[in-house]
Amino acid sequence: MVTHKEFGIPFSGLKLGAHSFEYQINNKFFESFGYHEFNEADILVQVQFNKMTTVMELDMSANGTVNVACDLTNEPFDLAVKASLELVIKFGEEYNDEDDEVLVIPHAEHQINIAQYIYEMLVLAVPSKRIHPGVEDGTLESEALRKLEELQPKETQKNDDKTDPRWDALKDLLTDK
């Protein structure tokens with residue numbers, strides 16, 4: 001198992017107040033979690049760590065791109081990723097991460113590893129349906145797109161004038177008031 005030591009913040013040695021950290025995330029980071037959805041990743045994560053006497057605040061923001069395959073054409077493209085996460089860290093009797101916004105760590109802890117939080121924030125920032133921008137604006141030339149258009153059902157003409165005579169009596173009920 002990978003420990004992600006570089007994502008540990010040793011808060012016991014930090015003075016009270018705000019501290020900044022930066023992490024450059026690439027594909028190896030996601031692969032260490034067994035996540036292989038991205039072809040490439042280039043994301044800058046900025047962390048503001050605010051240490052106070054009884055609690056600590058963690059404010060993370062991420063900006064960058066991931067290279068993914070389009071769900072329609074399987075063409076790779078760069079998808080912009082923007083994400084943020086705020087977390088309050090409190091001390092308690094035992095570790096508890098059941099709340100999405102509050103993390104409770106034991107009193108004896110002297111550091112926190114934020115790798116899991118960065119991973120979850122970034123994976124959740126990527127939409128579940130990934131469509132190449134060229135598909136949306138019509139500029140992408142792809143064999144898969146041509147085949148999809150060829151197999152698309154043709155429009156059928158609807159004839160709204162003819163109705164089933166069995167329903168005509170019901171229409172009269174609407175006008176008989």
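**Figure 1. Glu-94 and the loop between S5 and S6.** Glu-94 is exposed, with a relative accessible area of 58%, in this predicted model. The residue belongs to the loop that runs between S5 and S6. Although Glu-94 and Ile-105 are 11 residues apart along the chain, their C-alpha atoms are separated by 6.0 Å. Asp-100 lies in the loop between strand S5 (76–92) and strand S6 (102–106). Asp-100 counts as exposed because its relative accessibility is 66%, and exposed means over 50%.

**Figure 2. The patch of negative charge on the surface.** Nine acidic side chains are shown: Glu-57, Asp-59, Glu-86, Asp-97, Glu-98, Asp-99, Asp-100, Glu-101 and Glu-120 gather in a patch of negative charge on the surface. Asp-100 lies in the loop between S5 and S6, and Asp-59, in S4, stands opposite Gln-48.

**Figure 3. The pairing of strands S3 and S4.** Strand S3 comprises residues 40–51 and strand S4 residues 55–69, and the two pair in the antiparallel sense over 12 bridges. Within the pair, Gln-48 faces Asp-59 of S4. In a regular strand, side chains alternate between the two faces of the sheet.

**Figure 4. The pairing of strands S4 and S5.** S4 also pairs with S5 in the antiparallel sense, over 15 bridges. Val-66 has Leu-79 of S5 as its bridge partner. The hairpin of S4 and S5 has 6 residues between the strands, and Asn-74 there takes a positive phi near 65°.

**Figure 5. The salt bridge between Glu-37 and Arg-130.** The structure holds 1 salt bridge. It is formed by the side chains of Glu-37 and Arg-130, with an N to O distance of 3.2 Å. Glu-37 lies in the loop between helix H1 (27–31) and S3, whereas Arg-130 lies in the loop between helix H2 (115–125) and helix H3 (133–137), so the pair ties together parts that are 93 residues apart in sequence. The two partners are classed separately by accessibility: Glu-37 counts as partly exposed because its relative accessibility is 42%, and Arg-130 counts as buried because its relative accessibility is 10%. Side chains of opposite charge can pair when their charged atoms come close.

**Figure 6. Tyr-117 in helix H2.** Tyr-117 is a residue of helix H2. With a relative accessibility of 14%, Tyr-117 counts as buried, since buried means under 20%. The C-alpha atoms of Tyr-117 and Met-60 are separated by 9.1 Å, and these residues are 57 residues apart along the chain.

**Figure 7. The nonpolar patch on the surface that includes Trp-167.** Trp-167, Leu-170 and Leu-173 form a nonpolar patch on the surface, and together they have about 350 Å² of accessible area. Trp-167 is placed in helix H5 (residues 165–175). At 53% relative accessibility, Trp-167 counts as exposed.

**Figure 8. The chain as context for the close-up views.** The protein chain has 5 helices and 7 strands. Along the sequence, these elements follow the pattern β-β-α-β-β-β-β-β-α-α-α-α. Of the 177 residues in the protein chain, 33% are buried. Tyr-117 is one of the residues that count as buried, whereas Trp-167 counts as exposed.

Conventions. Residues numbered from 1 in each chain as written. Predicted model: local features only at pLDDT ≥ 70, side-chain atom pairs only at ≥ 80, totals over all residues. Heavy atoms only, no water. Patch = residues over 30% accessible without salt bridge, like charges linked within 9 Å, V, L, I, M, F, W, Y side chains within 5 Å. Areas by Shrake-Rupley, 256 points an atom, 1.4 Å probe, with all protein chains shown as cover. Salt bridge = Lys/Arg side-chain N within 4 Å of Asp/Glu carboxyl O. Lys, Arg positive; Asp, Glu negative; His and termini not counted. Charge placed at Lys NZ, Arg CZ, Asp CG, Glu CD. Helix = DSSP H or I, 4+ residues; strand = E, 2+ residues; numbered from the N terminus. Buried < 20%, exposed > 50% of the residue type's maximum accessible area, 1.4 Å probe, protein only. Pairing = 2+ DSSP bridges.
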